[in-house]
Each structure stands twice: as structure tokens, then as C-alpha cells.
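Please walk me through this structure in plain steps.

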Amino acid sequence: MAMLDEPLYPIAILIDELKNEDIQLRLNSIRRLSTIARALGEERTRKELIPFLSENNDDDDEVLLAMAEELGVFIPYVGGVEFAHVLLPPLETLCSVEETCVRDKAVESLCRIGSQMKESDIVDWFVPLVKRLAAGEWFTARVSSCGLFHIAYPSSPDMLKAELRSIYGQLCQDDMPMVRRSAASNLGKFASTVEQSHLKTDVMSMFEDLTQDDQDSVRLLAVEGCAALGKLLEPQECVSHILPVIINFSQDKSWRVRYMVANQLYELSEAVGPETTRSDLVPAYVRLLRDNEAEVRIAAAGKVTKFCQILGPALAIQHILPCVKELSSDSSQHVRSALASVIMGMAPVLGKDATIEQLLPIFLSLLKDEFPDVRLNIISKLDQVNQVIGIDLLSQSLLPAIVELAEDRHWRVRLAIIEYIPLLASQLGVRFFDDKLGALCMQWLEDKVFSIRDAAANNLKRLAEEFGPEWAMQHIVPQVLDKMNNPHYLYRMTFLHAIALLSPVMGSDITYQRLLPVVINASKDRVPNIKFNVAKVLQSLLPIVDSSVVEKTIRPCLVELSEDPDVDVRYFAHQAIQSCDQLMISG
Amino acid sequence: MNGKGGGEEGVTATSSVSPPLDWKFSQVFGERTAGEEVQEVDIISAIEFDKSGDHLATGDRGGRVVLFERTDVKEHGSRRELEKQDYSISRHPEFRYKTEFQSHEPEFDYLKSLEIEEKINKIRWCQTSNGALFLLSTNDKTIKFWKVQEKKVKKVSEMNVDSSQASANGNIPSSCSASPRPCLPNGGCSERPYKYLSSDFKFPPGGFPTLRLPVVASEDTSLIARCRRVYAHAHDYHINSISKNSDGETFISADDLRINLWNLEISNQSFNIVDVKPANMEDLTEVITSAEFHPMQCNTLAYCSSKGSIRLVDLRQSALCDNHSKLFEEHETPGTRSFFTEIIASISDIKFSKNGRHILSRDYMTLKLWDINMDSGPVATFQVHEYLRPRLCDLYENDSIFDKFECCLSGDGLRIATGSYSNLFRVFGCASGSSEATTLEASKNPMRRQVQTPARPARSLSSLTRVVRRGSESPGADANGNSHDFTTKLLHLAWHPNENSIACAAANSLYMYYA
């Protein structure tokens with residue numbers, strides 16, 4: 001060790017700690033593998049470090065995961081793309097560990113390396129690796145192999161391509177359901193690299209195997225393959241091969257499979273094209289909307305808007321709208337909630353008349369739903385309806401419901417409404433807001449629950465930002481200032497908080513002329529909590545007002561507070577005075 | 001073997017019925033010496049063979065899991081190949097102690113002011129992978145996923161910096177920072193040493209030849225059990241069973257009122273799939289006593305109840321499986337009702353046969369075999385210890401009537417076994433036409449207390465729907481001088497998956513028999 005130069009010590013330690021007892025240190029060394037590689041040089045990295053890492057495969061998962069990730073970007077450190085193949089052996093071992101996240105990362109890194117390798121190297125090194133993994137004794141290796149075919153396939157010569165296709169076909173029929181699941185979920189990726197002619201034969205037969213698997217868990221992954229394969233096939237092929245499978249799946253015995261169809265239906269309809277969707281998928285979709293299983297209805301309800309966009313108004317009104325009506329009074333609150341989160345988007349699709357006639361009653365019933373999530377989902381998307389039916393109609397029909405929610409018994413519901421008020425304000429406009437909601441915003445400041453008062457103060461700030469200081473000067477500030485006479489100190493504290501929040505929005509003049517006097521006045525409050533909050537507020541006002549104001553008005557007030565009998569008041573006053581001093585020095 | 005019964009059987013039955021098995025003692029682990037007192041924590045509470053039959057696991061009341069491995073299989077070459085060469089392995093399975101680990105510790109639930117025992121309620125083997133063994137073990141509340149693997153014991157023999165020197169040399173920037181705990185409290189490591197590698201530090205293109213990688217010498221291997229995942233806080237009541245799904249990614253856990261579905265890889269959430277809890281607990285009349293997945297159909301599971309019914313659930317039908325797809329129960333014959341009828345109807349264990357066609361259930365007095373395609377009644381009923389029927393009152397008074405006996409099926413589905421009192425267990429032939437009914441004692445001489453089975457031959461079966469009652473012993477069993485000891489009960493036993501070998505637990509001892 002005497003041979004080591006002083007600057008090398010950190011690296012020497014780093015290398016030693018690859019084998020430290022402490023997992024944190026090993027992890028640390030692995031994360032700095034690139035540093036170690038640079039210190040060893042490219043040749044020794046290839047000849048020593050990489051073989052060393054290949055041996056190091058029974059470490060903790062965290063270390064293996066980090067190693068899998070580092071190796072994915074290691075090409076520069078082994079001497080560039082021509083030596084990329086030396087990185088494959090350690091990743092190959094990582095592809096068969098039992099921890100899924102390590103395997104996934106190793107596959108990801110292998111794909112990253114493989115996509116940079118030269119074609120000849122792929123054939124010489126990468127393809128044999130894929131074949132080894134696919135023939136692995138343990139299912140873990142075979143699971144990993146499925147995710148590598150799309151890299152190996154394009155560079156392979158025809159003979160090898162045929163072999164790879166047949167191996168993939170075997171993986172689709174593996175004994176272990178885990179392998180079949182992996183084959184099913186990677187089929188789309190692999191298929192996208194396969195030539196059209198083989199797509200229709202080999203890949204489709206694999207797909208058929210998977211769609212008829214005994215295991216639900218495999219079939220439902222095959223559903224995802226429908227959309228991916230459908231996009232690769234010509235529309236005609238897609239209609240003749242994929243569509244029947246989709247229709248079948250939509251009536252599968254297993255609700256999980258139907259759930260997947262409901263979730264994927266939009267992608268599937270994109271794959272088969274609008275015409276087939278209108279003629280063939282609509283009945284399937286209607287069935288899913290009326291499924292026995294609530295989970296399926298939830299998934300289907302969530303796609304109502306997207307699906308209607310493909311169908312156009314006439315078909316949507318004819319087929320989908322009746323289902324939507326049923327769903328709006330579904331027995332499961334989660335179904336109603338899913339519907340509520342998307343139903344507003346139907347308004348632009350259906351147009352003004354249909355919206356007023358058909359959708360509005362549904363909106364209203366959902367707005368009065370007993371389950372708060374349902375009501376909130378409606379309110380959060382009001383802007384879309386506004387665009388279609390206009391503000392007047394909206395205010396007539398929806399506003400009473402919103403006001404009702406704003407006074408809801410559950411404070412969490414009130415809280416959620418408050419959080420939507422700025423959004424509503426921007427959607428509804430000033431005039432409308434003043435009429436209907438202005439009073440509510442003030443009322444919340446005096447709520448019994450602190451979280452509501454706190455949110456209400458924030459709300460005022462956001463409203464002031466939305467409508468500008470002038471509006472705030474008229475509609476917020478006077479009201480807030482008036483309330484400072486409230487007999488209860490907790491309320492006074494809320495108003496003080498509101499003032500502190502408003503002042504940056506209102507600007508220095510208004511702060512000085514209107515807000516500051518009230519704050520200064522509050523420094524003479526009889527409750528110490530108010531007084532030290534005054535000190536805090538004053539501190540926050542420092543950057544807003546002029547330095548002359550600080551010296552003339554704020555500092556004297558703080559000095560007075562710093563001599564208060566209460567220790568907390570003195571503490572915060574001192575803090576604020578220190579800020580004053582710093583401001584003076586820097587200014 | 002009961003020679004007389006067996007001989008007659010051979011004559012009367014069709015040639016397809018295999019002769020009754022001749023059980024022999026094979027091994028015992030943890031045998032008690034005379035007069036030795038059994039420690040409560042040592043009492044075995046779970047037994048399970050793995051799928052290949054090469055491993056056996058037991059759990060005990062002390063929260064330990066002990067693994068045994070088969071010794072009569074040659075180490076080199078895959079077992080499967082060996083079996084192909086010579087299908088009949090001449091030797092019977094023999095096991096040796098492999099390893100043990102502490103799976104569960106006693107805990108205290110502070111919220112509910114409840115002690116949680118460490119007792120292992122069930123063990124289930126999972127898919128073997130990469131030469132490591134995996135198993136699930138559960139106590140009343142928490143399920144754990146264990147990996148048992150040979151690990152090389154590594155010794156780092158060469159390093160760049162001699163650790164003793166490094167720490168002695170205070171001014172050397174060490175990543176270990178000379179302090180015993182180099183890690184920051186938040187778990188991250190101090191980055192300080194690496195500041196020395198400032199940005200202007202240049203790596204020569206060939207690297208530094210003086211640096212070398214640590215050389216690791218590994219000679220010995222040792223078995224290490226590591227807890228990979230803990231599935232906790234999902235059960236309000238005591239977990240009575242766990243069962244893994246044939247899809248290889250999910251398993252269920254059942255307590256008195258609910259069954260939860262888990263993904264093996266996700267330990268922080270589970271889905272409630274069956275909930276029999278009534279809105280008002282005063283209306284509670286029935287609890288779940290055991291649940292098991294179908295061995296091949298990933299969407300089918302069965303659970304049994306304290307009222308003696310078995311329900312088959314189809315997971316495909318609905319996310320919440322409160323509605324069963326099939327119900328198996330035996331309608332009581334009118335006039336036989338007594339105070340104990342309901343208590344002894346409670347099913348303590350159910351097992352699917354290997355092909356999934358049949359379900360075996362054990363209630364207090366009988367074993368019942370059900371065909372899952374026939375819900376009108378059991379295919380066959382086997383009396384386990386009919387001589388106890390007059391003594392139900394005593395059994396009720398000393399709480400023995402609530403003992404939960406397990407049951408098992410042979411790999412070929414032709415025989416079934418279950419335990420009884422006085423460390424006895426019984427093996428019945430369940431193939432049609434078989435009248436095999438053997439009583440064995442968990443001791444080195446299993447036939448010592450052979451109870452005479454009736455010589456009367458079983459009626460040949462015209463159809464499977466006919467219920468057979470066999471194996472009922474002569475009422476004079478007690479007169480044989482066998483006093484029945486209710487404290488020595490054989491609750492747990494398991495049949496080797498592909499050979500005629502039974503492992504059973506008598507208190508703290510594990511007895512193995514073969515035929």
C-alpha cells in the first residue's frame with residue numbers, strides 16, 4: 001500500500017468497499033462503478049472488473065439492482081461499442097436472479113446495450129445469450145429472455161430469425177405461467193420487429209395460443225397484445241384476426257379479462273378503425289358498461305368520453321347515453337365516481353341541445369351524490385360544460401348544488417370545494433363570482449375547522465392573483481380588515497394570516513396604506529399568540545415595503561414587541577429585528 | 001398390516017384395487033426419551049412436503065421452521081433424469097436435517113392489547129428457483145416469505161488498503177472515515193472522501209496500475225434463510241390457512257371471517273375476496289376454518305366452515321367472491337341430532353387431490369371425500385374413531401372436541417390419511433372397491449397397537465354416488481386394553497407427493513413411515 005499515491009486513496013477505498021460487510025458501502029461503490037472503471041482503465045475494466053462483477057451475483061438485491069443499472073451505461077468504460085459484448089455476461093447472470101425488479105433492470109440494460117451493438121456482434125454475442133436464457137433451467141431466465149427478442153431479431157440472418165421465432169413460440173407454451181405471462185406482455189414488442197409475412201403466420205399463432213391459455217393471468221396480458229398487434233397488421237387483417245378475439249375477450253368468463261378489455265377498448269378501437277368500432281365494438285362496449293362486475297363497469301365508465309369521441313354524437317346518443325344514465329345511479333359509488341370524472345367531457349361531443357336535454361340531469365344527480373368523490377369529480381371539470389351550454393344556464397342549474405356543497409357538514413368536502421374555488425372563479429368570471437361565491441369565501445374564514453380557515457386564507461390570495469389587486473381592494477381587503485375586531489383570537493389569527501398572504505399580491509403601496517396599519521394595530525392585542533404572529537407577519541412584509549417604511553413604522557413596533565413580557569413574543573420580535581438589520585446591510 | 005382383511009380384500013375386489021399397504025417405520029426426528037417432558041415451544045404445529053418431495057418443512061409452536069432434505073436421491077445429475085432411467089427407486093425416501101430458522105417471534109399488538117403467538121400455523125412451499133428454496137410461513141397474524149439458499153462464505157483476502165493501517169492512519173481520507181459508523185443517520189453515505197477526486201483529477205488512459213480489485217476467497221458454503229417479504233396487518237382474526245395459486249404469482253390467506261388475496265411480490269396490499277362477517281357480530285353462526293386453491297385451475301378455490309360446509313369459489317365471476325359457485329354439505333339424517341352434532345360437523349381441514357377432481361375434508365369424527373362435480377353429498381365417508389362417539393361428552397368437557405385434525409391424500413389419490421388420539425393415525429384406501437383401513441401409531445413400531453378392523457368385506461360399489469361407510473371399528477376397541485389418551489393427539493401429517501411415505505407429528509417428534 002505504500003505504493004499508492006495519496007490522490008488514489010479514495011479510489012482504492014472505493015474498490016475495496018465493493019466487498020465491504022456494510023451493504024451501504026457496497027451500494028455506494030457500485031453506484032460509482034464508472035469512477036472505478038476509469039481508474040482501472042479500459043483494458044483492466046474488461047479483463048478484471050467485469051469478470052469480478054460477474055462473480056458477484058449473490059449480493060443483496062439493492063446492490064444487484066444498482067449493478068444492473070450501472071452496467072447499462074457502461075459501454076464507454078470498456079472501450080466503446082466494439083467491446084460492448086463484455087458487458088453481457090454479468091447482465092446475463094442478473095437476468096436469472098429471483099427478484100423481479102433486478103431482472104427487469106438487467107433486461108432493460110441489455111436492451112440498451114444491444115441496441116448500440118453492431119449487427120455482427122449481435123449475432124455473435126447477443127443472440128446466443130438470448131437463446132441460453134430462453135433455454136434456462138430456471139423459469140427466471142426464461143422470463144427475462146422474452147424481453148430481449150426484439151433486440152436480437154432484426155439483426156439476425158434469416159435462418160436465425162426462424163429459430164428465434166420458434167423459440168418464442170415455445171416460450172408462449174412454457175410450463176410455467178410466469179414465462180407465458182412474460183411472453184404475452186412482450187409479444188407486441190417482438191411482433192413489431194417481425195416481417196409482415198411471418199407476422200400473419202407465426203406471431204398470430206403464438207397470439208392465438210396465448211388467448212386460449214387456461215390461466216386468466218396470461219389471457220389478460222394477451223388482451224394488451226390485441227392493441228399492439230392490431231396496429232401492426234393491415235386494417236383488413238386486423239378486422240379478420242384481432243376483432244373476433246376482442247369480441248370473445250369482452251365476454252370472457254373472467255372479470256379480470258373483461259376488465260382489461262374495458263381498459264384497453266379505446267386502444268383497440270384505434271387499431272380496428274372507426275368504422276369497425278361503430279359496427280362491432282359498440283355492442284361489446286355496451287355490454288361492458290352493463291357488466292355484472294363493478295370493477296369492469298368502473299373501467300368501462302372511465303372510457304365513456306374517449307369512446308364517444310370516436311363514435312360521434314348520433315351513435316353516442318343512441319347507444320352510450322342510455323348506459324350512462326344507468327351508470328349515474330349505479331349501486332357502486334366507485335362506478336359513479338369513475339363516470340363523474342369523465343362525463344363532463346361528453347358535453348362537447350354531444351353538442352348543446354343533447355347536453356342540456358340529456359346530460360344536465362345526469363350532472364345534477366351526480367352533483368347531489370351522497371359520495372363526496374363523485375361530487376368533486378363533477379365540479380373539477382365544470383369548464384368543459386361551460387363551453388357548451390354557457391355560463392347562464394350553468395349557473396342556474398349547477399350553482400345551487402355547489403353552494404350546497406360549500407356548506408357541507410363534512411369539513412373535508414368543504415375543503416375540497418375551497419380548493420376548486422379559484423378554478424371555478426377563472427371559469428365563471430368575475431361578475432358571476434361576485435354574485436354567488438364571494439360571500440362564501442368570506443364565510444369560510446370564520447369556519448369552525450382550522451384547515452378550512454387556513455385554506456380559505458390561501459383561497460383569498462389565489463383569488464386576488466386571478467382577478468387582480470384592484471378587484472381584491474374592493475371585494476376582499478375591506479372585509480378582511482373589518483373582521484380584525486372579532487372577539488376570538490383564533491379568528492383574528494386567521495385574518496392576520498390572510499393579510500400576510502395577500503400583501504405580496506397587493507403590492508407595496510396598498511400594503512403600506514391599508515394592510516400595515518392593521519397589523520401594527522394588532523401588535524397591541526391582548527393575546528400573546530397574536531402578538532408573536534404580528535412579529536412574524538411584519539418579518540414577511542419586510543421585502544415588500546420600502547426601507548423607509550421599515551425604519552419608520554415596522555422597526556419601532558418590533559422593538560416594542562421585543563420588550564414584551566411573553567418570551568415567545570420577544571423571540572419572534574428579535575428574529576424579525578435581525579431580518580431588518582440584514583436588510584439594511586444588504587440594501 | 002391386517003393380514004386377514006387384506007387377504008379377503010384381494011379376493012373379493014377387482015384386480016385394479018391395489019393391495020393394502022404394508023407400513024414400516026422409516027425415521028424419527030426429535031424422539032423423546034422415556035420420561036422426558038415435552039417443551040411447549042417444541043411441539044410441531046405444521047408439516048409440509050415440497051412439490052418434488054425432496055424437501056420437508058415443519059413449523060413449531062416456538063416459531064421455528066425446520067427443513068429436512070431427502071438423502072436417497074443422488075446429488076449429481078438432475079433427479080428427473082434419474083427417474084427416467086429407472087423409474088422404480090428401490091429405496092424408500094429418507095430425510096436428513098437440513099437447516100432451521102426462527103420464522104416468527106412473539107409480538108404484542110399494542111393497539112388491541114393482544115399477544116401474538118409465534119406458533120407457526122401453516123407452511124407452504126413455493127416455486128424453487130435458482131437453486132434456492134422458497135416458502136411461506138404464517139402465525140396468527142403475519143405471513144412471511146422465506147428464501148433458503150446455499151451461500152458462499154466469502155473472505156476478502158487482498159485489498160488495496162490494509163484496513164488496520166487505514167484506520168490507524170487518521171489523516172488518510174478513507175471512505176470509512178475512521179469512525180465505526182461511516183453512514184449518515186439517514187442511511188446515506190458520507191460523500192466527503194470523494195471530494196478529493198476534484199474535477200481536475202485526471203485519469204490516465206491506461207488507468208492506475210497500482211489499483212487492484214479485492215480478491216475473494218470462498219471455500220465453504222452455508223445455508224442461509226432470509227426473510228424476503230412480510231405480509232402483515234391484513235387480518236383482524238387469526239389466520240388459519242394459506243394457499244398458493246397455480247399461477248405462481250398469487251396466494252390467499254384465510255382467517256375466521258375473511259380470505260385475502262395477495263401477490264407474492266407485493267407485501268403492502270392485499271384484496272379481500274371473501275368476507276363472511278355479518279353486519280352484527282351477534283348474528284355470527286359460521287366461521288371459515290380452512291381455505292385452499294385448486295391445484296391447477298387458478299380461478300378456483302375452496303373453503304370450509306365450522307358448520308361443515310365446503311364452498312367452491314370461482315374468482316372469475318366477481319372481484320368479491322361472497323357468492324360461492326358450489327356448495328358441498330351433507331344433509332343430516334333426521335332424528336340423529338344431538339347437542340354435539342354441530343360441533344363435530346365443523347371441518348378442520350380440506351385438501352384437494354393432486355388432479356383437483358376431489359376434495360378431502362376432515363371433521364371431528366370422519367374423513368369425507370367429495371367429487372367437485374357432485375354437490376349432493378360426499379363420495380365416501382370414513383369413520384376415523386367411531387369408538388369415541390359415546391364419549392363425546394367427556395371430549396366436550398376437556399375441550400378435545402375442538403381439536404383441529406389435518407388430513408392428507410396420497411399423490412396418486414388412492415389413499416387418504418388423518419390423525420387421531422393416542423398418537424394414532426389412520427390410512428384409508430379410497431379407490432372404489434378398496435376397503436383398506438389401517439391404524440398406525442406414531443412410534444418406532446407403528447403396528448404395535450393395531451386395532452382390529454372388521455373382517456366384513458366392503459360392499460362393492462355399483463356407483464360412485466352411493467355413500468360408503470367403512471372402517472368403523474368394533475365397539476370393543478377399548479376392551480382391547482387400549483386406553484385412549486386425549487392429550488397425545490396426532491394433528492399434523494403429510495403424505496409424500498409421489499411416494500407412499502407419510503410424515504406425522506407426535507408432539508415434538510417427527511415420525512416418518514413408508515410402504
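**Salt bridges inside chain A**

A:Lys131 and A:Glu163 form a salt bridge, with 3.2 Å between the closest N and O atoms. The term salt bridge stands for a side-chain nitrogen of Lys or Arg within 4 Å of a carboxyl oxygen of Asp or Glu. A:Lys131 sits in helix H8 (residues 119–134) of chain A and A:Glu163 in helix H11 (residues 158–171) of chain A, so the pair ties together parts that are 32 residues apart in sequence. Helices here are DSSP runs of H or I with at least four residues, strands are runs of E with at least two, and both are numbered from the N terminus.

This is a predicted model: local features need pLDDT of at least 70, side-chain atom pairs count only at pLDDT 80 or more, and totals for chains, interfaces and linings use all residues. Residues are numbered from 1 along each chain as its sequence is written, chains are lettered from A and ligands numbered from 1 in the order in which they are written, and side-chain values use heavy atoms, leaving out hydrogens and water.

Are the two partners buried or exposed, or in between? A:Lys131 is partly exposed, at 27% relative accessible area. A:Glu163 is partly exposed too, at 33%. The classes are set by relative accessible area, found with a 1.4 Å probe on protein chains only: buried is under 20%, exposed is over 50%, and partly exposed is in between.

Now take another pair in chain A. A:Asp564 and A:Lys531 meet in a salt bridge through their side chains, 2.9 Å from N to O. A:Asp564 lies in the loop between helix H36 (547–561) and helix H37 (567–586) of chain A, and A:Lys531 in helix H35 (residues 528–541) of chain A, so this pair ties together parts that are 33 residues apart in sequence. A:Asp564 is buried at 9% relative accessibility. A:Lys531 is buried as well, at 13%.

Why can such pairs form? Side chains of opposite charge can pair when their charged atoms come close. Over all chains, a search of the whole structure finds 55 salt bridges.

**Where the chains meet**

Turn to the contact between the chains. Chain A gives 58 residues to it and chain B gives 61 residues. Contact here means heavy atoms within 4.5 Å. Together the two chains bury about 5200 Å², 57% of it on carbon and sulfur atoms. That buried area is the accessible area (1.4 Å probe) that two parts lose on being put together, summed over both.

How many salt bridges are counted between chain A and chain B? The count is 7. A:Arg181 forms a salt bridge with B:Glu249, and their closest N and O atoms are 3.6 Å apart. Several helices of chain A each supply at least two residues of the side that touches chain B, among them helix H1 (9–16), helix H12 (177–191) and helix H16 (255–272). The largest share of that side, 8 residues, comes from H1(A). By class, the side of chain A that touches chain B has 25 nonpolar, 10 polar and 23 charged residues. Ala, Val, Leu, Ile, Met, Phe, Trp, Tyr, Cys and Pro count as nonpolar, Asp, Glu, Lys and Arg as charged, and the others, Gly among them, as polar.

A network of salt bridges links A:Asp61, A:Glu98 and A:Glu99 with B:Lys147, B:Arg228 and B:Arg229.

**Chain B and the rings**

Chain B has 5 helices and 31 strands. Of its 515 residues, 51% are buried. Within chain B, B:Arg391 and B:Asp394 meet in a salt bridge, 3.7 Å from N to O. B:Arg391 is partly exposed at 27% relative accessible area, and B:Asp394 is partly exposed at 37%.

Over all chains, the whole structure holds 36 aromatic pairs. In B:Tyr396 and B:Phe402, the ring centres are 6.1 Å apart and the planes stand at 55°, so the pair is tilted. Rings of Phe, Tyr and Trp (its six-membered ring) pair if their centres lie within 6.5 Å; planes under 30 degrees apart count as stacked, over 60 as edge-to-face and the rest as tilted. B:Tyr396 is partly exposed at 31% relative accessibility, and B:Phe402 is partly exposed at 46%. In chain A, ring pairs link A:Phe149, A:Tyr153, A:Tyr168 and A:Phe190 into a cluster.
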